[in-house]
Amino acid sequence: MLTAHKIKVFQSLDKRKFRQKYNLFLVEGNKTIKEIPASKFKIQEIFSLNPEDLNLKNAKISQINAVELRKISFLQNPKDSVAVCEIPESKQFPQSGVQLVLDGIQDPGNLGTIIRLADWFGISQIICSEDTADFYNPKVIQASMGSFLRVNMVYTDIQNYLQKSETPAIGTDMVGENLYACDFPETFNLVLGNEGNGIREKTAELLGKNITIPRFGTSQSTESLNVAMSAGIILGQIFSKKISR
């Protein structure tokens with residue numbers, strides 16, 4: 001049952017401090033909600049316009065109307081269902097292959113897209129600086145399009161992490177080795193920096209080298225690429241070389 005108290009709690013989950021207080025976050029849309037049982041996440045309760053469409057066993061599902069859905073949804077055009085999920089304990093797994101390291105990514109949409117890219121390319125873990133956008137931000141969850149279910153996110157002191165890591169770290173910058181001429185190791189950390197300021201100086205000191213995406217166009221109007229767009233181009237090149245080996 002959707003009570004006034006629950007509505008108030010769910011509406012507060014757009015802020016990180018309340019997600020931490022209640023240890024909850026929201027997932028919207030039947031397609032993604034149906035995938036949750038196969039992940040590490042636990043559903044506490046589901047509120048749906050049409051519960052029969054979900055066909056989820058052992059899930060507590062309450063039917064609501066469109067007005068109620070709009071009250072608890074963070075979408076401009078709410079979908080069919082909202083699942084209330086518990087935030088699990090964060091665990092770091094051993095690195096294998098390419099791993100992304102995010103140094104202060106602030107935009108939730110960028111983070112969600114990067115998570116989706118990681119899932120697409122089979123990258124199972126992303127290491128984030130402590131000031132990177134919150135993984136459970138509703139905009140991150142939506143932008144990831146369900147990929148958040150399959151990518152492990154770890155928030156830590158990335159400078160300390162890179163110092164202790166036995167694998168090389170390669171940064172992304174406006175100045176560096178040409179992406180298309182670079183030979184990448186099988187296992188390494190690919191470091192992506194903040195949207196406006198790039199990789200922090202202290203982080204840059206821990207990198208083996210930087211790579212850059214060369215500009216082929218003649219227009220000077222585009223000063224740089226969006227960080228998520230850059231990540232997609234770089235990962236595409238990295239994995240194309242893996243196939244050609």
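Me: Which loop does Asn-55 lie in?
Reply: This is a predicted model, where local features need pLDDT of at least 70, side-chain atom pairs count only at pLDDT 80 or more, and totals for chains, interfaces and linings use all residues. Residues are numbered from 1 along each chain as its sequence is written, and side-chain values use heavy atoms, with hydrogens and water left out. Strands here are DSSP runs of E, at least two residues, and helices are runs of H or I, at least four, numbered from the N terminus. Asn-55 sits in the loop between β2 (42-48) and β3 (61-63).

Me: Is Asn-55 buried or exposed?
Reply: The cut-offs are under 20% relative accessible area for buried, over 50% for exposed, and partly exposed in between (1.4 Å probe, protein chains only). Asn-55 has a relative accessible area of 66%, so it is exposed.

Me: What about Met-145, which has a positive phi: what is its relative accessibility?
Reply: Met-145 isn't a glycine, yet its phi is about 55°. Its place is in the loop between α6 (138-144) and β7 (152-156). Met-145 counts as partly exposed, at 47%.

Me: How is the protein divided, and what separates the centres of domain 1 and domain 2?
Reply: The bounds come from an automatic or database domain assignment. Domain 1 covers 4-86 and domain 2 covers 98-244. Taken over C-alpha atoms, their centres are separated by 30 Å.

Me: What area is buried between domain 1 and domain 2?
Reply: Buried area means the accessible area (1.4 Å probe) that two parts lose on being put together, summed over both. Carbon and sulfur atoms give 58% of it here. The total is about 1300 Å².

Me: In domain 1, which residues lose the most area to domain 2?
Reply: Together they make up 35% of what that side buries. They are Arg-16, Arg-19 and Phe-41.

Me: How many salt bridges does the rule find across the interface of domain 1 and domain 2?
Reply: The rule asks for a side-chain nitrogen of Lys or Arg within 4 Å of a carboxyl oxygen of Asp or Glu. Across this interface, the number of salt bridges found is three.

Me: Which residue's backbone oxygen does the side chain of Thr-212 reach?
Reply: Thr-212 is in strand β10 (residues 209-212) and is buried, with a relative accessible area of 12%. Its side chain comes to 2.8 Å from a backbone oxygen, and that oxygen belongs to Asp-173.

Technical notes:
A polar contact is a pair of N or O atoms within 3.5 Å; within protein, one must be able to donate a hydrogen and the other to accept it, and residues adjacent in sequence count only if both atoms are side-chain atoms.
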